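Reader: Please pick a single part of this model and go through it closely, with the cut-offs behind every term. I would like one connected account of its surroundings, charged pairs and packing.

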Amino acid sequence: MRALLFTTAIAAATNGIALSAASAETLTDALIQAYQTSPLLASSRAALRSLDESVPQARANRRPQVDANVAGSTGADYGDFESHADALQATLVATLLIYDSGQTKAAIESARNNIAAGRADLKTVEQNVLFSAVQAYANVRRDEEFVRIARADVQRLDETLRATQNRFDVGEVTRTDVSQSEARLAESRANLADALGALEVSREAYRAAVGHPPQNLDPLPPLPAVPASLEESTSIAMQRNPQIVSAQFAERSAVYDFDRARAATGPSVGVNVTTGIERATNQFGDFTGDPFAEVSINGSMPLYSGGSNSSLIRQAQAVVDQRQFEVQDAGRSVTQSVAAAWTQLEVAKVAITARREQADASRIAAEGVTEEARLGARSTLDVLDADQDRLQAEAEVVSAVRDEYVAAYALLQAMGLMTVEHLNLGIETYNPDVYFAKVQNAPVGGYDTSAVDRIRARWER
């Protein structure tokens, strides 16, 4: 019977641990949820799809433009006698741009580079979303530890107060000792309230970053691998950081916009084809009508535009200058971010070692002061101060661990590696090529009005 009961207890405990582990949420789970449910990411993807449409719009200038026109007239007057002629004309007009001095080509290349910059901006948003999830996860874990420490401190001080009161009742200590214990207990309860409030704030920040409140978070996993030197980290960042990539593509786009502005001062040639039929009846009821067709080649060359074309060229040149400086500024900003994250990571590593040594020493000191107080060599205030130092040291260790973790991921973000692929989250990622390949050749239709109809109906209620 004892063996059976022992085996049953072990099985129950094992099942309980398994269920607890199954329901625990890991950092990877949080990152996946943040990536898959972020409204900010969804909004940025929609913005990129909107930007994708600029390529087929630019390419449309190279393709035929066909229009159908219908015109009618009736009751025209001619001199001293009236004519009630009725006429109806239907025409089909097709135009094709043959040459435009390179305007369309420059517009297409500008749009393609703008899309590349938009994709880099989407990577920036992805990094921000994932980093916010990491930061929220680490903050919740830190604040949960703060609450645990604060609760343990309240329990310990409550026991200290009872012991001090008992000693006061038998005349071993004075009323001052009791008041000091009461004051420290009240302070500890206030600290617990602050810790609970901070935890609630962190939980709400987690909800905003991940999409649901935290439930049974696992301890922080091992730190991600980072380069061995600041120089290596900076080198990777200058190549991979999406802010720099976006600025570089925006600069190229501005150059093509400049080419397009200059090309607008050159000649353009197009072909027009017009075909149709005109039906007319006069006041005597006679019917006339013949089909007709016309082909023409049109060429134009701007000679004077009131200064508009020259102004557009100068404006495009200023934008090129602006984009060049933005590339330089992005490089400086990224270099600063890498250096700041690297420094914070190094400081946190040193701080963890020092804080753990401080915590160990404070614990030993608190135990010694407590023992000395029992022998009458220390006062109640000495014991309370020693315990306060120990408590503060434990909290500093928790803060240092959190700072190291956040700094490591901040370094990844600064290098441009805070992505689903680099973190090996094992989920399918958004592929912008799918939509671009679908629309780059300007298909007819392909739009869905259901979302617009739902939004319109909601606002009309």
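Author: Of the 461 residues in the protein chain, 33% are buried, where buried stands for a relative accessible area under 20%, exposed for over 50% and partly exposed for values in between (1.4 Å probe, protein chains only). The model is predicted, so local features need pLDDT of at least 70 and side-chain atom pairs count only at pLDDT 80 or more, while totals for chains, interfaces and linings use all residues. Residues are numbered from 1 along each chain as its sequence is written, and side-chain values use heavy atoms, with hydrogens and water left out.

The chain has 13 helices and 6 strands, taken as DSSP runs numbered from the N terminus (helices are H or I with at least four residues, strands E with at least two). Among the contacts with a separation of 6 or more, 82% join residues 24 or more positions apart; a contact is a pair of heavy atoms within 4.5 Å.

Begin with the packing. The largest nonpolar core holds 63 residues. Such a core is a set of buried Ala, Val, Leu, Ile, Met, Phe, Trp, Tyr and Cys residues joined through side-chain atoms within 4.5 Å. H5 gives the most to this core, with 18 residues. H2 (27-37), H3, H6, H8, H9, H10 and H11 are among the other helices that each supply at least two. In soluble globular proteins, nonpolar side chains tend to be buried together. Leu31, Tyr206, Tyr409, Met418 and Leu423 have the most contacts inside the core. Leaving aside neighbours within four places in sequence, Tyr206 is in contact with residues including Ala136, Tyr137, Val140, Pro213 and Leu217.

Next come the charged pairs. Side chains of opposite charge can pair when their charged atoms come close. The structure holds 18 salt bridges, each a side-chain nitrogen of Lys or Arg within 4 Å of a carboxyl oxygen of Asp or Glu. Asp153 and Arg156 form one with N and O 2.3 Å apart. The two residues lie in H5, 3 residues apart, about one turn of the helix, and both are buried. Through shared partners, salt bridges join Asp153, Arg156, Asp387, Arg390 and Glu394 into one network.

A pair with another setting is Arg148 and Glu145, whose closest N and O atoms are 3.0 Å apart. These residues are also 3 residues apart in H5, about one helical turn. Arg148 is partly exposed at 45% relative accessible area, and Glu145 is partly exposed at 23%. Asp143 and Arg142 meet in a further salt bridge of 3.0 Å, N to O; Asp143 is buried, with a relative accessible area of 3%.

Arg184, in helix H6 (residues 175-210), is buried at 17%. Apart from residues within four places in sequence, Arg184 is in contact with Leu157, Leu381, Leu384, Asp385 and Gln388. Arg260 lies in helix H8 and counts as partly exposed at 34% relative accessibility. Arg260 touches Gln103, Ala106 and Ala107, again not counting residues up to four places away. The C-alpha atoms of Arg260 and Thr104 are 7.6 Å apart, although the two residues are 156 apart in sequence.

That leaves the open space. Pockets are found on a 1 Å grid over the protein atoms alone: a pocket is an open set of points where a 1.4 Å probe fits, with protein on both sides within 12 Å along at least five of seven lines, and lining residues have an atom within 4 Å of a point. Points are joined across faces, edges and corners, and a volume is the space filled by probe spheres set on the points.

The largest pocket has about 370 Å³ of space. Of its 15 lining residues, Thr160, Ala163, Thr370, Arg374 and Val383 lie nearest the centre. By class it has 4 nonpolar, 4 polar and 7 charged residues, with Ala, Val, Leu, Ile, Met, Phe, Trp, Tyr, Cys and Pro counted as nonpolar, Asp, Glu, Lys and Arg as charged, and the others, Gly among them, as polar.

The second largest pocket has about 320 Å³ and 21 lining residues, with Arg119, Ala120, Lys123, Glu126 and Thr419 nearest its centre. H5 gives the most to that lining, with 7 residues. Its classes are 10 nonpolar, 5 polar and 6 charged.
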